[in-house]
Amino acid sequence: MLLTPPMTMMDFFRKSEGIWFTQRTVHNFDAAAADESGESNVTIDVLSMDDPRVLEVCQQQNVDPALVSGGCSFMWQDNLDDAIPNQNYAAILIDLPNPNNPKKGKFLRNRGYVEGIPVIGIYNFADDGVLTIETEYETNQGQERCWFINDHFRVRVMTVQMSNGVKQMAYCSERRCISPSVLEELLEHNRLRVSEAGAVSR
């Protein structure tokens with residue numbers, strides 16, 4: 001089945017909702033920086049435009065809630081950590097679409113990926129569905145590109161640049177984690193298909 005890529009930020013959030021296993025490779029151009037490569041899980045939840053967390057971020061950044069279309073929360077945890085992610089550490093991303101072109105817009109974030117401060121960034125979707133995000137921090141500039149290979153696998157490429165040049169580059173491959181209930185449904189579907197095939201061959 002052909003992939004239909006998301007072309008608006010809210011469609012991107014909806015397609016991303018769930019738990020993802022992330023394999024991250026990081027290249028630091030600062031010899032003193034720690035290696036941040038590794039594996040982790042990220043949990044993504046879609047938020048409605050009237051969600052209290054969305055309204056709180058709008059209030060903090062003096063943005064009219066009527067301009068937003070919704071948002072999402074991101075929670076990261078170590079891949080081997082069985083504990084439930086702490087909601088207090090979730091990053092909240094709010095979509096402010098361009099009223100004339102929903103493929104472009106701005107976003108509010110309660111804490112940035114590069115610097116842990118509230119930020120406003122810009123985004124756009126290319127015709128092939130590749131999402132590009134540009135974020136300006138106090139001392140850094142971040143760029144991220146993300147696209148879906150299929151409904152359950154996506155890729156992210158990030159660069160962080162300081163005034164004196166590129167500081168860090170990262171590549172992430174992310175695979176959707178299937179819940180036990182969905183896995184059981186897939187197994188049952190496969191069992192039925194095998195059983196029907198066996199009945200036809202008799």
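This briefing describes the barrel, the helices and the salt bridges of one structure.

The structure is a predicted model, in which local features need pLDDT of at least 70 and side-chain atom pairs count only at pLDDT 80 or more, while totals for chains, interfaces and linings use all residues. Residues are numbered from 1 along each chain as its sequence is written, and side-chain values use heavy atoms, with hydrogens and water left out.

**Barrel**

- In the order β1-β2-β3-β4-β5-β6-β7-β8-β9-β10, 10 strands close into a barrel with antiparallel pairing, where two strands pair if DSSP finds at least two bridges between them. From one strand to the next, the twist averages 25°.
- Helices (H or I, at least four residues) and strands (E, at least two) are DSSP runs, numbered from the N terminus.
- Strand β8 (residues 140–150) pairs with strand β9 (residues 153–162) in the antiparallel sense over 10 bridges, and Arg145 stands opposite Val157 in β9.

**Helices**

- Helix α1 (residues 9–16) lies across several strands, including β1 (18–28) and β2 (38–47), and runs at about 125° to β2; contact here means heavy atoms within 4.5 Å.
- Helix α2 (residues 52–60) lies across β2, β3, β4 and β5 (101–109), running at about 75° to β4. Axes are lines fitted to C-alpha atoms, for helices over the stretch in contact, and angles run from 0 to 180 degrees between N-to-C directions.

**Salt bridges**

- The count comes to 9 salt bridges, each defined as a side-chain nitrogen of Lys or Arg within 4 Å of a carboxyl oxygen of Asp or Glu.
- Asp11 forms a salt bridge with Arg14, with the closest N and O atoms 3.0 Å apart; because they are 3 residues apart in helix α1, Asp11 and Arg14 are separated by about one helical turn.
- Asp127 forms a salt bridge with Lys103, the closest N and O atoms being 2.7 Å apart. Asp127 lies in the loop between β6 and β7 and Lys103 in strand β5, so the pair ties together parts that are 24 residues apart in sequence.
- At 70% relative accessibility Asp127 counts as exposed, whereas Lys103, at 22%, counts as partly exposed; buried means under 20% relative accessible area, exposed over 50%, and partly exposed in between (1.4 Å probe, protein chains only).
- Glu174 forms a salt bridge with Arg156, their closest N and O atoms being 2.9 Å apart, and this pair links distant parts of the chain, with Glu174 in strand β10 and Arg156 in strand β9, 18 residues apart.
- Both Glu174 and Arg156 are buried, and salt bridges that share partners join Glu144, Arg154, Arg156 and Glu174 into one network.
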